[in-house]
Amino acid sequence: MSLGTHHGGRGGGVQADVGEVVAVADRIRGAIETVIEGKPEVLRIALTVLLSEGHLLIEDVPGVGKTMLAKALGRAVDCSVQRLQFTPDLLPSDITGVSVYHQERREFEFNPGPIFANIVLGDEINRASPKTQAALLECMEERQVSVDGRTRPLERPFMVVATQNPADMEGTYALPEAQRDRFMARVSVGYPSPQAELDMIDSHGSHSPLEGLAPVTDAGTVRRLADLVRGVHLAPGMRRYIVDLVNSTRTSPELDLGASPRATLHLVRASRAHAALEGRHYVVPDDVQALAVPVLAHRLLPGPQAQMERMTPEQIVAKLVARLPVPAPR
């Protein structure tokens, strides 16, 4: 059942569908919070990206739980999970797989790489060479892999959760714009609060909390909920609001590079998922505003004046959101 075509007059079935989205997301969130404490905003974005079938980039300094978050998400959903440790000597075939010739059978057999999983953790993606980073492009955008002239589809759900260290750290290669644009959202985990760090000493001191994390849903349920999320209603006024917001990044004198049309589509999909997670079958401006920074900021390049004033892309997006008129409710 789709999630309705207008705001009012919906039947109980639609609300039940949205209610299931909320219930399953709450179970996943609760499971992850046994491992990652005090980061509700990061978890909200991760669940939004999962249900809108996007990819997530987690950027922060080492040791704050980037990899733990990605692993916990994979454990909470009963699906296939693979981890890729990006290093300077990693080859594209280490990601996609390779065909091996069998002498006895006199034929090639394809050995699939770790990209053939529902959730793929790409650890420290910016420590690999640009050539290897580029191997992810087709997989992330087309959801397929081409090896030796044959195309192989990737099974839904398919989500890449990549972690990266800040670009000014030793041994890193900055992700090119085309690669960053494939990620629906970027988040930073940040340091825990003192209380959360005290709790972490107790929970992580003697064993890994991942060991006790049991799945709370499965891949089939996530696929079904993602299909439901696609039907969340997006009114014409909200469509125009999203287009105007993205277009403002292209015309802003503070930016040398604005957001792409792909960013518009990502913001639409993420806003629908955010609305469903809030228990609504329609998108409101609050959904778009909550996602504007994580969905848009990592795609932008500040201009010289903004760099001189040390303005971050996040600050520029927040200013653009504040300036943009909010569509009147219907």
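I call a residue buried when its relative accessible area is under 20%, exposed when over 50%, and partly exposed in between, with a 1.4 Å probe and protein chains only.

**Entry: what I am looking at.** This is a predicted model, in which local features need pLDDT of at least 70, side-chain atom pairs count only at pLDDT 80 or more, and totals for chains, interfaces and linings use all residues. Residues are numbered from 1 along each chain as its sequence is written, and side-chain values use heavy atoms, with hydrogens and water left out.

**Entry: the whole chain.** I looked up the secondary structure and found 13 helices and 13 strands in the protein chain. Helices (H or I, at least four residues) and strands (E, at least two) are DSSP runs numbered from the N terminus. The C-alpha trace spans about 70 × 55 × 50 Å along its principal axes. Of the 330 residues, 51% are buried.

I take a contact as heavy atoms within 4.5 Å. Among contacts with a separation of 6 or more, 77% join residues 24 or more positions apart.

**Entry: cysteines.** I looked for disulfides, each a pair of cysteine sulfur atoms within 2.5 Å. The count comes to zero. C79 is in no disulfide, and the nearest cysteine sulfur, that of C139, is 17 Å away. From the side of C139, the closest cysteine sulfur is in C79, and 17 Å is too far for a bond. C139 is buried, because its relative accessible area is 1%. C79 also counts as buried, at 17% relative accessibility.

**Entry: T48.** I found T48 in helix 2, which covers residues 40-51. T48 has a relative accessible area of 1%, so I list T48 as buried. Which residues does T48 contact, leaving aside neighbours within four places in sequence? They are A270, A273, H274, L277 and L291.

**Entry: R323.** I placed R323 in helix 13, residues 313-323. Is R323 buried or exposed? R323 is exposed, because its relative accessible area is 51%. I also looked up R310: R323 and R310 are 13 residues apart in sequence, and their C-alpha atoms are 20 Å apart in space.
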